[in-house]
Structures are given as structure tokens and as C-alpha cells.
Amino acid sequence: MKLYYSPGACSLSPHIALHEAGIAFEPVLASTKSHKLQDGTDYYGINPLGYVPMLELDDGTRLREGPAIVQYIADMAPTKNLAPAAGTLQRYRLQEWLTFIGTEMHKGYSPLFNPNMPEEAKTIFKDKLKSRYQWLDGQLAEKQYLMGDQFSVADGYLFTVTNWTKPTGVDISDLPNVQAWHARVAARPAVQDAMKAEGLLK
């Protein structure tokens, strides 16, 4: 399999999932700025939408969209318990988290990375994100991870977007449960391996 990624982008989420699952794969750097691969290949020819992540399976089939990709990875390694079994209520709880992270968190950061976005507008988006993190802080009370005591692919996704708080100036320093959860996820060997592979850790 091939994972098309860009360092620190949302593709870090499936990168973490692949390391957690212990699945062999080839990481392929796809710049989100130049939209070129390292050999000069036009990434738009691989993904017409131009963004990461994209997972290419051994038979050439390509999967887009992070939440779908991480569930596929989890189902490839069921003994790792990265996602509850399909068809269970807990699986829908996982999808609930993945949807929340994608729509309420991930997309909330997009304007903050836009150099043409006025500062007044960025403040509105930062305030909205902060309110979501305040709610999350309550959800993480007395829990190790989003789903309870078991790390899931939703944690990898939320960890990825939460890493964007510092470069965008979203202040979560007053949220102890979010802080503790983030440190807990950051300490996982698979998470460190994925971040090192992307040049985010030495």
C-alpha cells in the first residue's frame, strides 16, 4: 500500500493508524503547496482534488478522505482494536467522533491557514474552535481516550488537528483534560514513529 501524505497535514492521522496497526506501507510525499511528488509527478493526476491523504491499495484501488481511510486501516488489523466491530453501536460512536472532528474541528482550522483571511474573521473561527475544545475537555474527564480506555483511530485524527493549535494561535492551555489526553497520545510509540517519519520529531 501507498500513503500519500504531506508533513503535519491531516494525513498524519492515517500515518499514525498504519503504524498502530503494524501494516507495511510506502509513504509517498505529496506537497500540498506544489502538488508535486518528489520525482516531479503531478499529484493532481493521482488525486484530482489535490489534497492528502490518499491510500493506494495493493491492487491500485485508491481511497480518499481521512475518516474512511483510518476505518479501513483499523479493519485491516482487527486484533489491534483501533475501531469497534462493524455494525455495533460503538462503531457508530466512533463514526460520530470522526464526523465531529472532521466537520467541527478540522474544517474550523482551514480559514486560519488562509493568508487572505482577515484577522477579524480568524478571531471568530478561533473562538468557535475554543468552544469545541471546552466541550471536549468535559468529554475527556476521567477518560484515557475519546472512546474510553482504548485508543482508537479517532484519537489519532483529533491529535493531528490539535497539533495545529500552536501554529494557528488557538489557546487550549487552560483545558487540563485535553492537555493530558494530548500528552498521552503523543507518548504512544506508533505516534512518535509516524511523527519522526514526517520530520515532525527528531
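Axes here are lines fitted to C-alpha atoms, for helices over the stretch in contact, and the angles between N-to-C directions run from 0 to 180 degrees. The model is predicted, so that local features need pLDDT of at least 70 and side-chain atom pairs count only at pLDDT 80 or more, while totals for chains, interfaces and linings use all residues. Residues are numbered from 1 along each chain as its sequence is written, and side-chain values use heavy atoms, with hydrogens and water left out.

**View 1. Helix 4 and helix 7 pack against each other.** Helix 4 (residues 119–139) and helix 7 (residues 176–186) meet at an angle of about 75°, and their axes are 7 Å apart; helices (H or I, at least four residues) and strands (E, at least two) are DSSP runs, numbered from the N terminus. The two helices are therefore roughly perpendicular to each other, given that angles under 35 degrees count as roughly parallel, over 145 as roughly antiparallel, 65 to 115 as roughly perpendicular and the rest as oblique. Tyr133, Leu136 and Asp137 of helix 4 make the contact with Pro176, Asn177 and Val178 of helix 7, where contact means heavy atoms within 4.5 Å. These residues divide into four nonpolar, one polar and one charged; Ala, Val, Leu, Ile, Met, Phe, Trp, Tyr, Cys and Pro count as nonpolar, Asp, Glu, Lys and Arg as charged, and the others, Gly among them, as polar.

**View 2. Helix 3 and helix 5 cross at roughly 10°.** The axes of helix 3 and helix 5 come within 10 Å, and the crossing angle makes helix 3 roughly parallel to helix 5. On the side of helix 3 the contact includes Leu94, Trp97, Leu98 and Ile101, and on the side of helix 5 it includes Val153, Ala154, Tyr157 and Leu158. By class, this contact of helix 3 with helix 5 has eleven nonpolar, three polar and no charged residues.

**View 3. The largest pocket has a volume of about 1100 Å³.** On a 1 Å grid over the protein atoms alone, a pocket is an open set of points with protein on both sides within 12 Å along at least five of seven lines, a cavity is a set of points where a 1.4 Å probe fits but cannot get out, and lining residues have an atom within 4 Å of a point. Grid points are joined across faces, edges and corners, and a volume is the space filled by probe spheres set on the points. Of the 35 residues that line the largest pocket, Ala9, Cys10, Thr32, His106 and Trp164 are the closest to its centre. Helix 1, helix 2 (66–76), helix 3 (89–109) and helix 5 are the elements that give two or more residues to this lining, and the largest share, seven residues, comes from helix 3. The lining of the largest pocket has 16 nonpolar, 16 polar and three charged residues.

**View 4. The structure holds one cavity of 30 Å³ or more.** About 40 Å³ of space lies in the largest cavity, and the residues lining it include Ser13, Ile16, Ala17 and Glu20, together with Phe151 and Gly156. Helix 1 (12–21) and helix 5 (153–162) are the elements that give two or more residues to this lining, with helix 1 giving the most, four residues. The lining of the largest cavity divides into six nonpolar, three polar and one charged residue.

**View 5. The loop between strand 2 and strand 3 holds His35.** His35 has a positive phi of about 60° although it is not a glycine. Pro53 is also found in the loop between strand 2 (26–29) and strand 3 (54–56), and a cis peptide bond, with omega of about 5°, joins Val52 and Pro53.
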